[in-house]
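Trainee: Could you walk me through reading a model like this one? I would like the general idea of each feature, then the case at hand.

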Amino acid sequence: MNFRSLRFKLTVWYVFILGVLLIAFSTFLYLTLEKSLYRSADNKLRSFADLIGSESASPLSKFSLGSIDKTLEATLNLKPVGKFIQVLDESGKIGPRSDNLRNVQLPISLTALKNAAKGQPTFETNRSFEGGPLRILTFPVMEDDRVARIVQVASSLEDVEDALNKLFIILVVSVPLALLVASVGGQFLASKALRPVDEISQTARMITFENLNQRIRVPKVRDELSRLIETLNEMISRLDRSFQQTKQFTSDASHELKTPLTILKGEVEVALRKERTPLEYEQTLKSNLEEIDRMSQIVNDLLLLSKADSGELRLTKQEINLGEVLSNVIGQLSRLAQVKNLHLETSNHQDGIYVFGDVLRIRELFVNLIENGIKYTEPGGFVRVTLSEEKGPHGESPSTVAQDSPSGFATIVVADSGIGIAKEDQERIFDRFFRVDKARSREQGGSGLGLSICRWIVEAHQGEIWVESTPGTGSSFTVRLPLSPH
Ligand SMILES: Nc1ncnc2c1ncn2[C@@H]1O[C@H](COP(=O)(O)OP(=O)(O)OP(=O)(O)O)[C@@H](O)[C@H]1O
Ligand SMILES: [Mg+2]
């Protein structure tokens, strides 16, 4: 048996508490019975003494004639079976006694005599009497306010003590027996209640990264354990999901890096096959450089995301004037739009919309979104950027607003008239490496990490990002960032 096990501890507690209860109950039972038996014996003695006392108030000679027994029978029609009677005169001298006391006297204690002298009765138990334990009542008979005689009545306590002894034996045997049965029952109950725990640990031990799809069986009965199992199962599901994501991510990342490497290798091999002119070498090297740039972009993005995941990436936050950052980014990308014959428009947004954030990351966010707009819009189309603000309930006095309830939001919308995104893909475009049309996106130099980075940046600024899009008509990306409280 494992003494540290929950099963053992539960059983011990159960038996201990039951033991305390049973012992308390038995003691109470024994003491109550003892008291009531003694009281009933005393009451009988008392009423008997009263009877004799009144009778013996008549001249003592009535008794002195012969035996008390006969007199009692003659006068009171009373047979004092099992009772011992002894009459003493006021000085304590022993007078007549009942037949059963022919050869012995009832013992009389000093205390009883003293009490009798004061007119008070005394009950005593005497165990030295040869006929067994006795309960003795020493009862003064008063005449004209003084003690005339003392009547002693006694009865054997054998029956009372017998009954008490029997009860004692029954209790001494049955309480440990009950505890023994309870400990076996307790063990059984504890085992039954804890069986699912064994099952949980067995299944949990079997679950490794290879079989994260396994779940612990949930019992039909809804209790604490079933809730625990559900919680564990949810945890395993989360582990499973993130493990699958990691697996997917690793395989996507290696695949993504493998393509430019293969191209690079092919180009170099072709170039080395024979002697080339310097121009041809230059062209090959230029093309190589493109692939290398591409790879280093992917590696940089991956590094950024993995740092973001592990929380290593620290944002250097400051007040940012969004209008200023946007104009800057648009200025930088307008060349790209021009080349593609696209209208890169910007609404006349108000100045003075501030957020508290990392300016480099916010720039990166806008570049990614506008670049996507340009990339996925056909020539002749447009990409429109709008900035607006939405004051919160405490709008005018932001200084009184706590950090977690912003004074409002800045809303940036990047809309285009491009190819659009099908409904089923809209959720997934923020996933790492997800591209709607791999070939097309690759052609444009995309690896599918841009929007994952955007989502991370927005979340790191306690904001939200979402997309609305109709295939063939265009897409609109909305970013909502909490306004700076100052
Ligand atoms: N404005 C848009 N219109 C249509 N499709 C878009 C738009 N923006 C993104 N997408 C789709 O979502 C996919 C994911 O975008 P994301 O920016 O993450 O990757 P990417 O642009 O392909 O590559 P990267 O940004 O890493 O260079 C894109 O491949 C494209 O299919
Ligand atoms: Mg992109």
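Mentor: Happy to. Let us begin with a loop: Asn341 is found between H8 and strand S7 (343-346). Please keep in mind throughout that this is a predicted model.

Trainee: What is the phi of Asn341 near?

Mentor: The general idea comes before the case. Most residues other than glycine have a negative phi. Asn341 has a positive phi, near 60°, and is not a glycine. Phe433 also has a positive value, with phi near 70°. Phe433 sits in the loop between helix H10 (423-426) and helix H11 (438-443).

Trainee: Is Phe433 buried or exposed?

Mentor: Phe433 counts as buried because its relative accessibility is 2%, and the cut-off for buried is under 20%.

Trainee: How should I judge confidence before going further?

Mentor: The chain averages a pLDDT of 87, and 93% of the residues score at least 70. Over residues 395-403, however, the pLDDT is below 50. That stretch has seven contacts in the model beyond near neighbours in sequence.

Trainee: And the overall form of the chain? How does its radius of gyration stand against that of a compact globule?

Mentor: The chain has a radius of gyration of 52 Å, whereas a compact globule of 486 residues would have one near 23 Å. Along the principal axes, the C-alpha atoms fill a box of roughly 160 × 65 × 35 Å. The secondary structure comes to 12 helices and 12 strands.

Trainee: How many of the residues count as buried, as a percentage?

Mentor: Of the 486 residues, 38% count as buried. The chain exposes about 29,100 Å², with carbon and sulfur atoms supplying 57% of that area. For contacts with a separation of 6 or more, 67% are between residues 24 or more positions apart.

Trainee: Which residues does Ile412 touch?

Mentor: Not counting residues up to four places away in sequence, Ile412 touches Leu322, Leu326, Phe366, Val385, Thr386, Leu387, Phe477, Thr478, Val479 and Leu481.

Trainee: Thr478 is on that list. Where is Thr478 found?

Mentor: Thr478 is found in strand S12. With a relative accessible area of 5%, Thr478 is buried. Leaving aside neighbours within four places in sequence, Thr478 is in contact with Thr411, Ile412, Val413, Glu464, Ile465, Trp466 and Glu468.

Trainee: Can we look at a helix residue too? Which residues is Leu451 in contact with?

Mentor: Leu451 lies in helix H12 and is buried, with a relative accessible area of 9%. Beyond neighbours within four places in sequence, the contacts of Leu451 are Leu369, Asn372, Ile429, Phe430 and Phe477.

Trainee: What about polar contacts? Which side chain does the side chain of Asp309 make a polar contact with?

Mentor: The partner is the side chain of Arg432, at 2.9 Å. Asp309 has its place in helix H7 and counts as exposed because its relative accessibility is 53%, the cut-off for exposed being over 50%.

Trainee: And Ser469: is it buried or exposed?

Mentor: Ser469, found in strand S11, counts as buried at 15% relative accessibility. The side chains of Ser469 and Ser475 are joined by a polar contact of 3.1 Å. A polar atom of the Ser469 side chain also lies 3.2 Å from the backbone oxygen of Gly474.

Methods
Residues numbered from 1 in each chain as written. Chains lettered and ligands numbered in written order. Predicted model: local features only at pLDDT ≥ 70, side-chain atom pairs only at ≥ 80, totals over all residues. Heavy atoms only, no water. Contact = heavy atoms within 4.5 Å. Helix = DSSP H or I, 4+ residues; strand = E, 2+ residues; numbered from the N terminus. Buried < 20%, exposed > 50% of the residue type's maximum accessible area, 1.4 Å probe, protein only. Polar contact = N/O pair within 3.5 Å; in protein donor to acceptor, adjacent residues only side chain to side chain. Rg over C-alpha atoms; globule rule 2.2 N^0.38 Å. Areas by Shrake-Rupley, 256 points an atom, 1.4 Å probe, with all protein chains shown as cover. pLDDT = per-residue confidence, 0-100.
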